[in-house]
Amino acid sequence: MNKLVIVGTVAFDAIETPFGKTDKILGGAATYIGLSASNFNIDAAAISVVGGDFPKKYLDLLEDRGIDISGIEIVKEGKTFFWSGKYHNDMNSRDTLATELNVLEHFKPIVPENYKDSEIVMLGNLHPLVQQGVLNQMETKPKLTILDTMNFWMDIALSDLLNVIKNVDVITINDEEARQLTNEYSLVVAAKKIQEMGPQYVVIKKGEHGALLFHDENVFYAPALPLKEVFDPTGAGDTFAGGFAGYLAKTGDISFENMKNAVIYGSTLASFCVEKFGTERMVNLKSNEIHKRLQQFKDLTQFEIELT
Ligand code: AMP
């Protein structure tokens with residue numbers, strides 16, 4: 001088993017979908033990644049920052065699931081990062097209504113001493129300089145570094161983002177963002193261009209249309225499980241990343257073949273995330289539910305063709 005260090009936002013979210021609307025609820029990239037990775041019972045730590053307005057019970061949620069939260073700073077006089085989004089009727093696209101950085105604006109991450117030798121580093125969505133700051137503090141070279149980001153950072157901090165992208169092994173990004181980053185419509189061409197920017201492995205998330213993993217000339221595709229109900233897609237991308245990183249930390253095997261399984265785990269966990277608002281579905285997820293859904297995944301994608 002490998003140690004996993006996670007950095008990302010811990011946030012308040014306000015979400016609107018065709019099915020309803022929430023006030024400020026628990027959200028944030030590190031929250032979803034941590035909850036998702038916690039299903040692998042690994043040694044993992046989350047690094048982030050919250051304000052004095054952040055309820056302790058939310059931090060307890062992560063801790064109760066076995067995530068080390070000593071790297072989550074509390075700025076008593078500050079306000080927690082706030083994001084608000086509204087989904088379109090297709091539930092595949094959304095508009096960001098508000099992004100208030102608040103305590104994130106002056107955040108200097110501190111990697112806890114006992115996680116400076118983590119083998120796997122998951123750089124979740126936040127300012128690219130904070131992501132780079134975490135990489136800089138690692139005392140031994142990680143076996144695998146994974147980066148997730150979004151259009152917001154491409155818009156306001158592109159050159160910092162390109163600098164950190166140079167230094168990672170894997171990038172997970174959604175289709176729209178891959179197109180924005182490369183100015184290419186074809187995802188195959190976009191993935192190639194991103195590989196030239198640094199990461200040897202590129203994962204492109206396509207929401208309800210699954211995920212693609214690119215490495216050299218190889219491509220692996222995993223569909224998303226067809227679900228009866230999609231309630232709220234918020235956090236699905238982060239949950240995917242947490243499942244991907246968590247599985248690789250659990251197995252300690254970072255080969256392309258094993259990354260295919262990591263994509264399947266990521267997709268499986270993301271399929272739960274979207275079933276309820278916010279983190280609701282993820283906080284009580286049980287291992288037998290995951291197991292059952294992995295079986296559904298196998299059934300969905302297995303077929304026998306004889307090639308003559
Ligand atoms: P996802 O749906 O996977 O893209 O993730 C949604 C989560 O990302 C929400 O819980 C937000 O709090 C968080 N988020 C939204 N915008 C940003 C941003 N610019 N930087 C970091 N986290 C963000």
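**Terms and their grounds**

Analyst: Residues up to four places away in sequence being set aside, H215 makes contact with Q195, Q200, Y201 and F256, where contact means heavy atoms within 4.5 Å. The model is a predicted one, in which local features need pLDDT of at least 70 and side-chain atom pairs count only at pLDDT 80 or more, while totals for chains, interfaces and linings use all residues. Numbering starts from 1 along each chain as its sequence is written, and side-chain values use heavy atoms, with hydrogens and water left out.

User: What makes H215 count as buried?

Analyst: The relative accessibility of H215 is 11%. Buried means under 20% relative accessible area, exposed over 50%, and partly exposed in between (1.4 Å probe, protein chains only). H215 therefore counts as buried. This residue belongs to strand β13 (residues 211-215); strands are DSSP runs of E with at least two residues and helices runs of H or I with at least four, numbered from the N terminus. Between H215 and A191, 24 residues apart in sequence, the C-alpha to C-alpha distance is 8.9 Å.

User: Why does T145 count as buried?

Analyst: Its relative accessibility is 5%, and T145 is therefore buried. T145 is part of strand β10 (residues 144-148). Apart from residues up to four places away in sequence, T145 touches V121, L135, N167, V168, D169 and V170.

User: How do you know whether R293 is buried or exposed?

Analyst: The relative accessible area of R293 is 12%, so R293 is buried. R293 sits in helix α11 (residues 287-301). Beyond its neighbours within four places in sequence, the contacts of R293 are L225, L227, T268, S271, F272 and E275.

User: Why is K192 called partly exposed?

Analyst: At 36% relative accessibility, K192 falls in the partly exposed class. K192 is found in helix α7. With neighbours within four places in sequence left aside, K192 is in contact with D216 and E217. K192 and R179 lie 13 residues apart in sequence, with 12 Å between their C-alpha atoms.

User: What relation do the axes of α6 and α7 have, and what is it called?

Analyst: The axes of α6 (residues 175-182) and α7 (residues 187-197) come within 9 Å and cross at roughly 60°. That angle makes α6 oblique to α7. Axes are lines fitted to C-alpha atoms, for helices over the stretch in contact, and angles between N-to-C directions run from 0 to 180 degrees. Under 35 degrees is roughly parallel, over 145 roughly antiparallel, 65 to 115 roughly perpendicular, and the rest oblique. The crossing of α6 past α7 is left-handed; that word applies if the near helix is turned anticlockwise from the far one by less than a right angle, and right-handed if clockwise.

User: Which residues make up the contact of α6 with α7?

Analyst: From α6, D175, A178, R179, L181 and T182 meet L187, A190, K193, I194 and M197 of α7. These residues comprise six nonpolar, one polar and three charged. Ala, Val, Leu, Ile, Met, Phe, Trp, Tyr, Cys and Pro count as nonpolar, Asp, Glu, Lys and Arg as charged, and the others, Gly among them, as polar.

User: Why are α1 and α8 called oblique?

Analyst: The axes of α1 (residues 29-37) and α8 cross at roughly 45° and come within 7 Å. The two helices are therefore oblique to each other. The crossing of α1 past α8 is right-handed. A29, Y32, I33, S36 and A37 in α1 meet D238, T239, G242, G243 and G246 in α8. This contact divides into four nonpolar, five polar and one charged residue.

User: What makes F240 and F244 a stacked pair?

Analyst: Rings of Phe, Tyr and Trp (its six-membered ring) pair if their centres lie within 6.5 Å; planes under 30 degrees apart count as stacked, over 60 as edge-to-face and the rest as tilted. The count by this rule is nine aromatic pairs. The ring centres of F240 and F244 are 6.2 Å apart and the planes lie at 15°, so this pair is stacked. F240 and F244 are four residues apart in helix α8 (residues 236-251), and therefore about one helical turn separates them. Each is buried, F240 as well as F244.

User: How do you know that Y247 and Y265 are stacked?

Analyst: Their ring centres are 4.7 Å apart and their planes at 15°, so Y247 and Y265 are stacked. This pair links distant parts of the chain, Y247 in helix α8 and Y265 in helix α9 (residues 256-273), 18 residues apart. Y247, at 11% relative accessibility, counts as buried, whereas Y265, at 23%, counts as partly exposed.

User: Which residues do ring pairs link into a cluster?

Analyst: F12, F54 and Y58 are linked into a cluster by ring pairs.
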